[in-house]
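Here is a friendly walk through one protein model. Keep the 3D view open while you read, and look up each residue as it comes along.

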Amino acid sequence: MSYLLKVRPILAILVVAMLGVGLACAGEEATPTSPPTATLAPAATATTAPTATLVPTATATLVPGDPTPTATLVPTATAVPTVTATAAPTATPRQSASGLTQLPGYKPEWGQPQRGGILKLGLPSPVANLFRPSCVGAIGGTICSSVYNQLLRYDPWVGMGSIIGDLAKSWEFSSDGLTLTLKLEEGVRFQDNPVVPVDIRGDEFVCEDVQASIDYYLRPPEPKRTPGTRELGHITGVSCPDGARGHTAVITFNQVLAKTLGSLTKDVSMLDKEWIKWYVANHPDELALFTNDAYRLAMGTGPMVPLEFQTDIVGKLRRNPGYFREGLPLLDGMDNYIMKDSTTKFAALATGQIHHLGAGSTSLLPGQVEQAERDFKDRIVLYSNLHTFPSGGPELNMNRAPYNDRRVRQALNLAISRDDWLVFKTAGTRPLAKLVGSMEPYPEFYWGTPEEVLRTWPGIRQPKDQDIAEANRLLDEVFGKGKRFNTTCITRNSQNYIDFCLFFGDQVKQKLGIGMTMQPMEIVVLSTFTEVCNYDVYAGVLTATTGDPDARLYPLAVSAPWRG
């Protein structure tokens, strides 16, 4: 997770540097030779600022020196280390403001962290739902991970691959890797949220809260849904050897998986046991609503406390005065402005009205990347980072004809050109996507397949003539000679998502004669379709561009049509 900052001010944007394999009821990435021009929103000029009432003038008092990640937010977890038995507990001393510069990833040339200022972010959709047991995603992850802590986290200066303690100060696996013992930080208290009953708020974080948080994540009451069973379904129990109010938690598993520690850095936000009971009894699933009352129900142990939510305008967080890390957070707060139009958002960044434009699906369009490099080098800093943006699909609904026929899914996989997608997602000389995302061998993906091998596979290899011919033969076999079908692609009304539908439709029309219409919609409306798999094709989010094969490739192999 990357943020701004220089005293001038200099603004920072996290630009997605990969396109991952994304499939839910189905899906993977696509790609065009002649990409449809409609997929790129017009680049904004520096003078086209949004209405001044949206965002107050940006401050520049946060972090001097070169752009660096700010320590106030827990970065989204990405890489997943292998679980192995340890000879001694892994321990992390409790961090403070003065200790930030002692972390392994800190660079002296960044200077000393400074306190103060409001970090202003531009988001394409409202984020009022702060009851997110899984603090991930380019939109919600930044916000909810500021309200909550996890048991473990990644070094904020390094990111993935460097796990340190969050609410656990040490952890140790048994020799068989099936038992994880965590020593918890003592004296950590939940936020003093005035909306929460007085006998609950400000309670100390203890082992029973670990039990309740994991149980809620794995088995939430209806209609709440979490990815719990997918990410941490191998947990068999949580016990408290020092008692429910003690500071030792023991988690047991039924198998050893490489994803375990990584999942504990991002997937399970720690909640108060009594708060969960109160919330479920009195406000069931209310935090999923986009209202000020719902926004202010959240109560974690994190550095920021929900302050105010104005529908379709802004969600505000402010410093938690009782945060357990001395001198932190450095920020006074975060204002998350809702800017659905990508051109307006880019203009706000270029004119200093927001500090951070977004990452993953919320980041810059290719044309905007080029304009930022050309016209705003003194004000905008671009970061090309490996990110958890799943890069969408399209995802095909395998429960609905014709995608319940393996031959149809295989035909689409063969015909679509990944190389066309790479061209489509290139800004000048800067690539904004990868060939097949997490199947490639990056340092974080030790299990990846080398590109030279991938390029021998049907559907990926070039030239495409043989694969396109086979794809049309399969469709002729299913529908009859020359007969095809029409389909609909639903997606968010955000340009980076719309691009998936536009690209996919262009590819299947050109290569297979399949007609496609697109239905972009607000994310709240979209969820009413996706949660019950009421769609043909969904260009959206399923799997991440980071992670390990335990939680990613297995579900895809089971449910994703792109696996043939």
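The report below goes through strands, nonpolar cores, disulfides, aromatic pairs and salt bridges.

This is a predicted model, in which local features need pLDDT of at least 70 and side-chain atom pairs count only at pLDDT 80 or more, while totals for chains, interfaces and linings use all residues. Residues are numbered from 1 along each chain as its sequence is written, and side-chain values use heavy atoms, with hydrogens and water left out.

**An enclosed strand**

Let us begin with strand β12 (residues 333-338). Helices (H or I, at least four residues) and strands (E, at least two) are DSSP runs, numbered from the N terminus. A residue is called buried under 20% relative accessible area, exposed over 50% and partly exposed in between (1.4 Å probe, protein chains only). Six of the six residues of β12 are buried, so the strand is largely enclosed by the rest of the structure. In a regular strand, side chains alternate between the two faces of the sheet. On one side of β12 you find Gly333, Asp335 and Tyr337, and on the other Met334, Asn336 and Ile338, all of them buried.

Which strands pair with β12? Two strands count as paired if DSSP finds at least two bridges between them. Strand β3 (residues 118-123) runs parallel to β12 and is joined to it by six bridges; here Ile118 has Gly333 as its bridge partner. Strand β11 (residues 314-319) pairs with β12 in the antiparallel sense over five bridges, and Leu317 stands opposite Met334.

**Nonpolar cores**

A nonpolar core is a set of buried Ala, Val, Leu, Ile, Met, Phe, Trp, Tyr and Cys residues joined through side-chain atoms within 4.5 Å. The largest one has 66 residues, and those with the most contacts inside it are Leu151, Phe205, Val210 and Ile251. Helix α2 (residues 207-218) gives the largest share of this core, seven residues. Leu151 touches Phe205, Val210, Ile251 and Met270, among others, leaving aside residues up to four places away in sequence; a contact means heavy atoms within 4.5 Å. Another core, of 26 residues, lies apart from the largest one and includes Leu475, Tyr497, Val508 and Ala539.

**Disulfides**

How many disulfides does the structure hold? There are two, where a disulfide is a pair of cysteine sulfur atoms within 2.5 Å. In one, the sulfur atoms of Cys207 and Cys240 are 2.0 Å apart, and the link is left-handed, with -90° about the S-S bond. Cys207 lies in helix α2 and Cys240 in the loop between β8 (235-239) and β9, so this pair ties together parts that are 33 residues apart in sequence. Cys207 is buried at 0% relative accessibility, and Cys240 is buried at 17%.

The other disulfide joins Cys489 to Cys501, S to S 1.9 Å. The torsion about its S-S bond is about -70°, so this disulfide is left-handed. Cys489 sits in strand β17 (residues 486-492) and Cys501 in helix α13, 12 residues apart. Both cysteines, Cys489 and Cys501, are buried.

**Aromatic pairs**

Rings of Phe, Tyr and Trp (its six-membered ring) pair if their centres lie within 6.5 Å; planes under 30 degrees apart count as stacked, over 60 as edge-to-face and the rest as tilted. By this rule there are 16 aromatic pairs. In one of them, the rings of Phe173 and Phe253 have centres 6.5 Å apart and planes at 40°, so the pair is tilted. Phe173 lies in strand β6 (residues 168-173) and Phe253 in strand β9 (residues 248-253), so the pair ties together parts that are 80 residues apart in sequence. Elsewhere, ring pairs link Trp421, Phe424, Tyr497, Phe500 and Phe503 into a cluster.

**Salt bridges**

Side chains of opposite charge can pair when their charged atoms come close. A salt bridge is a side-chain nitrogen of Lys or Arg within 4 Å of a carboxyl oxygen of Asp or Glu, and the structure holds 27 of them. The table shows some.

| Salt bridge | Closest N and O atoms |
|---|---|
| Asp499 and Lys425 | 4.0 Å |
| Arg455 and Glu451 | 2.8 Å |
| Arg473 and Glu477 | 3.1 Å |

Asp499 is buried at 0% relative accessibility, and Lys425 is buried at 8%. Arg455, in contrast, is partly exposed at 26%. Arg473 and Glu477 are four residues apart in helix α12 (residues 465-479), a separation of about one helical turn. Both also belong to a network of salt bridges that links Asp405, Arg407, Glu470, Arg473 and Glu477.
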